[in-house]
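Take a look at the structure below. The report that follows goes through it topic by topic.

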Amino acid sequence: MNTRPRDLAILAVMPLFFASNLIIGRLAIETVPPWTLAALRWSIASLILAPFAWSDVRDHAETLVARWKLIVLLGFLGMWICGGIVYVALQYTTATHGTLIYTASPVLVVLLGALIARRELPLAQAIGVVLGIAGVFTIVLEGQPASVLSHHFNAGDLWFVLAAVSWAIYSLVLKNAALQTVPTFALFFVIAISGSVLLLPCMIAEWWLIGGFPSTLRAWASIAGIVIFASVLSYSSYQYGVKRAGPALTSIFLYLLPVYGIALAVLFLGETLRPYHAVGLVLVLGGIVLATAPSLPRLRKA
């Protein structure tokens, strides 16, 4: 496959867009409550995607209606948990912790996929799963594994573990054969709509209990950043990469996500990179490489 320099440049910034969600989100929750932030993010993103997806949604309406339960489940996993819950978690933990824990999702995809299929993992993948989970424990326990029984767990870290598991399940459900006939943008659009509807009651309850509907320029700027960079551009660049460079090369570039995430957290949030973060990063990335590399399609020669 002949990959142009422009394609490689887009692939290089693609994980940066994904990583921006936790960084901008960490700043945004200072002025916008978490459920309101999540609901507005996906509602506005849906409006932006609508003109590009509507034709395909109309053409595949019968399939989408028949599989509405799957779509609602995907909206719950991908937007309610990996949206609202993630922003709640950022109130209690750092973006660095969240980025590293969230990065372990591909390892969990491999593990859950094997459990569901009731098949044994090859040795390399099994070692990768162990390394990835060990990396998560290193981060959650802040580099002190011996304190597992006495450690006071950070609620935000545990919410991020839930989000990582949720994203792994989302990735597996998304592979359902019944959904493969629906074009990507159309499917993503209806999932985003489903997630927006599920988030709406939480947003209303949040308004009723604590208020906080965004009213300042800073609040709306942060929402716009999450919608544009972390939602529309991240997904669009990923899809572009799969189309132009293939899924294998695109997946390899996703390994940059924790590197970007930590760098942004240090630069823009003033978070401190500690030795156990580095150990966790090495374990998680090593685990991802071992766990996912055997399943990646071989790259074609140019």
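## A serine inside a helix

The side chain of Ser171 reaches 2.9 Å to the backbone oxygen of Trp167. The model is predicted, so this contact counts only where pLDDT is 80 or more. Ser171 belongs to helix H8, which spans residues 155-174.

Is Ser171 buried or exposed? Its relative accessibility is 18%. Buried means under 20%, so Ser171 counts as buried.

## How helices pack

Two packed helices are described by the angle between their axes and the distance between those axes.

Start with helix H2 (residues 34-59) and helix H9 (residues 184-210). Their axes come within 7 Å and cross at roughly 155 degrees. An angle over 145 degrees counts as roughly antiparallel, so H2 and H9 are roughly antiparallel to each other. The crossing of H2 past H9 is left-handed. Which kinds of residues make up the contact of H2 with H9? There are 22 nonpolar residues, four polar ones and two charged ones.

Next come helix H6 (residues 105-117) and H8. Here the axes are 8 Å apart, and the packing angle is about 60 degrees. That angle makes H6 oblique to H8. H6 and H8 cross in a right-handed way.

The last pair is H1 and helix H12 (residues 257-269). Their axes are 8 Å apart, at an angle of about 40 degrees. H1 and H12 are therefore oblique to each other. H1 passes H12 in a right-handed crossing.

## One salt bridge

How many salt bridges does a search of the whole structure find? It finds one. The partners are Glu30 and Arg218. Their closest N and O atoms are 2.9 Å apart.

Glu30 has a relative accessible area of 53%. The cut-off for exposed is over 50%, so Glu30 is exposed.

## An arginine with a positive phi

Most residues other than glycine have a negative phi. Now look at Arg118. What is the phi of Arg118? It is positive, at about 55 degrees, although Arg118 is not a glycine.

Where is Arg118 found? Arg118 lies in the loop between H6 and helix H7 (123-140). Its relative accessible area is 80%, so Arg118 is exposed.

Ile24 is found in helix H1. Its relative accessible area is 19%. The cut-off for buried is under 20%, so Ile24 is buried. How far is Ile24 from Ala164? They are 140 residues apart in sequence. In space, their C-alpha atoms are 19 Å apart.

Ile226 is buried, with a relative accessible area of 0%. Along the sequence, Ile226 and Arg119 are 107 residues apart. From C-alpha to C-alpha, they are 39 Å apart in space.

## A phenylalanine in a loop

Phe153 is found in the loop between H7 and H8. Its relative accessibility is 31%. Buried means under 20% and exposed means over 50%, so Phe153 counts as partly exposed.

How far apart are the C-alpha atoms of Phe153 and Ala168? The separation is 22 Å. Along the chain, Phe153 and Ala168 are 15 residues apart.

Methods: Residues numbered from 1 in each chain as written. Predicted model: local features only at pLDDT ≥ 70, side-chain atom pairs only at ≥ 80, totals over all residues. Heavy atoms only, no water. Helix = DSSP H or I, 4+ residues; strand = E, 2+ residues; numbered from the N terminus. Buried < 20%, exposed > 50% of the residue type's maximum accessible area, 1.4 Å probe, protein only. Polar contact = N/O pair within 3.5 Å; in protein donor to acceptor, adjacent residues only side chain to side chain. Axes fitted to C-alpha atoms, helices over the stretch in contact; angles between N-to-C directions. Parallel < 35°, antiparallel > 145°, perpendicular 65-115°, else oblique. Left-handed = near helix turned anticlockwise from the far one by under 90°. Nonpolar A, V, L, I, M, F, W, Y, C, P; charged D, E, K, R; others polar. Salt bridge = Lys/Arg side-chain N within 4 Å of Asp/Glu carboxyl O.
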